Amino acid sequence: MDFKDRIASLPDATRIAVLSAWRGRARGAAVFSGVFLASLVITTVLAYGSGLMSAFLEEGTKGEEYDYRVEFHSLSNLRITDPIAMESLCDQIMEIDDALDCTIAAGRQATYGAGFFGNRQFHAQPLQLTTINGTDSNWENVDIMFPESGENGPPTNGFRPIRLIGDGGYDGELHARHSSRTISGEWPSTGAEAVTNRSVVIPVALAAAGSVQVGDTFTILNFTYAANTTDPCEGDNPIGVYEYLFNDRENDDHEYCRVTITLENLTVAAVYDDRTFSSPLISNQPVYMPWDLISLDDKSEIIAGDHAYLAVAMDRSALPTSSIAEAESQLRGWQSEIGGEYEVAGETVKLRAVDMVASVISFFTIILYFVQGFDYIIMIPIIVLSLAVLIYGLHLSLEQRRREVAINRVMGASSAGLSKMVLAEMGVFSVTAWLAGYLLAIAAIPFVLSATGFMEFRFDDMRPPPVLSTKAMISTMVVTVGIALLFGRARTKAFLETEISEGVANVAAKKEPRYWLHWIVFGLGLIALTDSVMEEWRMFADYNSGGGIIINAFADGLLAVFGPFLLWIGGALVLSRLGSRGPELMQYLLGQTPLLKDVKRGLSGSGSAEGVGRLALIIVLTLSIVTMAAVQGYTGTAVDEKTADQAVGADLKVVFASPVFESQAISMVTTAWDSGDSSHSATVSAATVLQYYATLTDDEFVGAPVWIVTDEALDMLYWTAQALPGDDLNAAKADLRRIGTFTHGDEARWSLDVSTGNSYSFALENFFSGETTNMTLEDVGNHNWVPGMDLSGAENAILIGEETARAWAGPLVPADNQILSTIWFFDLGQNAYDDDGEHLRDLSVQLSTDSSVASVQDWSSAHRDVEKNGGLIYGTPGLLSLQFVVSALAAVASSFVFLSLVLSQRRKELSILQAIGASPSQVMRLVLFEILSITIVSMALGGLLGIGISYSFNGLFNLFGLIFQVFGGSTSLINRDLVWPFAELLQVGGILLLAVLVALVITTRKAIGADLATVLKGE
């Protein structure tokens, strides 16, 4: 048949294949479930990378209002200073595809593409705020400098920057981006409104410093710009000298002329959240003001001084998220379109487009690949499982066709025709299953990326489904459908090569597996597990200095990486053989009971060991993954919570600008809470940690900070067993409450030369009288941190309880109602976490605008940060949740679908038992006992293997978790103490047993009810 005839016959061939597939849907269910699972998992892995890229872009550009800063090119022959002409360039830029908004803006000077350490990068100056006065606010003794800018970009001279915004910044996309950061007031909706009201928008830190509220007026605001001259300034204009930070460079001072602009009667329109920093190529956390508030001459001078540029917003949703390379390629394309030559008033102007987003992508590229690599590693087990289910389903489905193929050969069917028949039917099942798995995976990725913990999702923060590239989509289809068709083709070819008599008899020679290899792999995995456990468990700390049984560093590293996989694969292969021997074990235990007495002989002659043995392997694999995913998922969630606990210490941590009493602190927080949107009142309580200094009695030059943990702090702060000595938190608290005890930090142990169990005499000085008080204290162990307190400070300090402090220092320790402190921790009760902690976050923002507050942290905001920057980040809890669900479904589907096929193959055996006198009840009990024995034993072994690989994988999780915490700026490193969710695991086991029972009852009843003569004749 030529190609044209093949195309013409395709519709008929497809219809016949679909009908054939429908008639064989019972055996096709195995193929469908295998391909569906493989498609779901592989597509999820690929789509996860795309979704992760999208999430990184979204997070990385939150503080980035502009996508491109467009400035004059350093090689431009024409440098216009006419503001109107420069603004008209936006009209031409807006003609570019995907350009959403454009406006003129002024702030930090242009760098002309200078590198980060280029001269121009150092010389570029912002518009600098120098003076503020206002009748509504208090600026006396207020420092308006902004030294933090030096920590988030190129070195600056430390002034708070000013940014002038043109009309385009007050409407459209730029209005939306600016408005998204406001926390009180509103960003002006039009440029005319901003000019008429003389509106300014200021950062919350500046508002808090000057006690500024929305609607307040600045009578005078002065800012300066660097004029376009290198000559010394004359008159009242100051000369600024910028010095390089590198002392070994000579003649690096750069003179510039600063010109002052004075604006009067400005109104504060809004206050914005300044906790997020943007690209250092523009000024960070500025005071925003309308461009049209300054005179035409000043505009021209600012343009001439290279302070002015065009701010362009592009459609970020048009950025490809399938890969970083494609996103960067799109950004370069936009940059090329925006930059170039433009016609203005008959002259040609050359512009340079400076990419703001590409710098964000470049910064995240390394950590993105790092996170993806880690998450792909943890997905290896579920990928292997999906492929195992696929191969197992194909094997069972095709084995049922062995006899059918042989009979067709007897009837004269050709080999080519039989191959086409089998592959056409499998193609229908495979393509349908691939499409279903693909669509479900795409729909599941937003849930994966929105996971806030294991099996916990924030549905109000759902991202749109990622767009998977055509190449990736075709790859998933080729892998899943291709495996099915290749396996089917190879298996059919093997059927055709067998003797017809063997095929009709449905017998085939079986190749013995390499069991010796299974045991070697399992043995290496056990060695890796033993080494991992000995390195983590304290009881083995004295053996080999806690280094485990592997001394060689290279071998230890290899086992740490590959050991978990060797244990999992080898353990599954070995333990599944034990699982398939479940009936023998149960016979030994229950063989003499009335339950099995009359079916014992039938059990001894059972012929299902091979078919159900493969099911034992699937159950061991799935239950081990279910156990590992649940354990590591809940452990990661606990780590994230402990990290937030350590960072904040309580519901709320407030650092005041000056010491306040407890009653004042509570009153301020209560007032702020009551002024919020919450419909519930909060019962506010507070606690603090007092700080003193003591020296050793016998060496006055050796001392350490003494932190007094009040009784309220012991009760209120979020302590964990890792923070205080020992494993029993209550016992550790009780030790600290006892009079005459202390704990030491790591650094304090070395500086004071103290050790657990010994006593030491300390001297505490009364700062008022100069007298010292001595007391002997017992060292009860090492503390790692104090919740909410500085980690380095805790490492250098010793902790004592309130009773010890009062017995030691007496009147030096004030009464509870007389304690003055700048740091206070607050408990607001369960109402603080209403609406997913929204009221607590609002309270934090509101308090941050108070001039008496230096900084605020709330637990809800800290936990949201930790969800992405803690022990498991950017969707990893979602991936573990997916592993848990998919593994559980695989276990249920395998038991239901595959058991139906296995028992269908045993219909003849069951009919023979009935023919020789076995009752339906006996046959039913025989099948139930045999299969349930295999299932229960395999589940137990799978759970046991899951516990082992949880321990083995914990070292890998711990390593990556610590690295992620460091990248995320965590103040402490939380150990991954494993959490064991036995209730959830028992639920999965119960569902699996129920599915097996239902499958057995349905299939066995069908087999028992069949006509014996028909079954025995093989019809």
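Colleague: How many residues apart are Glu802 and Arg806 in helix α27?
Modeller: Four, and that separates Glu802 and Arg806 by about one helical turn of α27 (residues 802-809). Helices here are DSSP runs of H or I with at least four residues, strands are runs of E with at least two, and both are numbered from the N terminus. Before we go on, this is a predicted model, where local features need pLDDT of at least 70, side-chain atom pairs count only at pLDDT 80 or more, and totals for chains, interfaces and linings use all residues. Residues are numbered from 1 along each chain as its sequence is written, and side-chain values use heavy atoms, leaving out hydrogens and water.

Colleague: OK. Which side chains does Arg806 meet in a salt bridge?
Modeller: One is Glu802, at 2.9 Å from N to O. Another is Asp816, at 3.3 Å, N to O. Arg806 sits in α27 and Asp816 in the loop between α27 and β24 (820-827), so this pair ties together parts ten residues apart in sequence. A salt bridge means a side-chain nitrogen of Lys or Arg within 4 Å of a carboxyl oxygen of Asp or Glu.

Colleague: Is Glu802 buried or exposed?
Modeller: Glu802 counts as buried, at 6% relative accessibility. Arg806 is partly exposed at 27%, and Asp816 is partly exposed too, at 30%. The cut-offs are under 20% relative accessible area for buried, over 50% for exposed, and partly exposed in between, with a 1.4 Å probe and protein chains only.

Colleague: How many salt bridges does the count come to?
Modeller: Twelve by that rule. Among them is Arg69 with Glu71, at 2.8 Å from N to O, and both of those residues are buried.

Colleague: Switching to helices, which residues of α24 are buried?
Modeller: In α24 (residues 729-737), they are Ala732, Lys733 and Leu736. Seen down the axis they fall within an arc of 100°, so they line one face of the helix. That arc is taken from the directions from the helix axis to the C-beta atoms.

Colleague: And what do they pack against?
Modeller: The buried residues of α24 pack against β19 (699-709), α23 (711-716), β20 (741-744) and β23 (798-801). Contact means heavy atoms within 4.5 Å.

Colleague: How about α9, which residues are buried there?
Modeller: Ile324, Ala327, Leu331, Trp334 and Ile338. They cover an arc of only 90° around the axis, which puts them on the same side of α9. Just after α9, Gly340 has a positive phi of about 140°.

Colleague: Where does Phe656 lie?
Modeller: In strand β16 (residues 652-661). Phe656 counts as buried, with 3% relative accessibility. Leaving out residues up to four places away in sequence, Phe656 touches several others, including Met668, Trp824, Phe826 and Val853. Phe656 and Ser821 are 165 residues apart in sequence, yet 8.2 Å apart C-alpha to C-alpha.

Colleague: What about the whole protein, how much of it is buried?
Modeller: Buried residues make up 51% of the 1019 residues. The secondary structure comes to 34 helices and 25 strands. For contacts between residues at least 6 apart in sequence, 81% join residues at least 24 apart.
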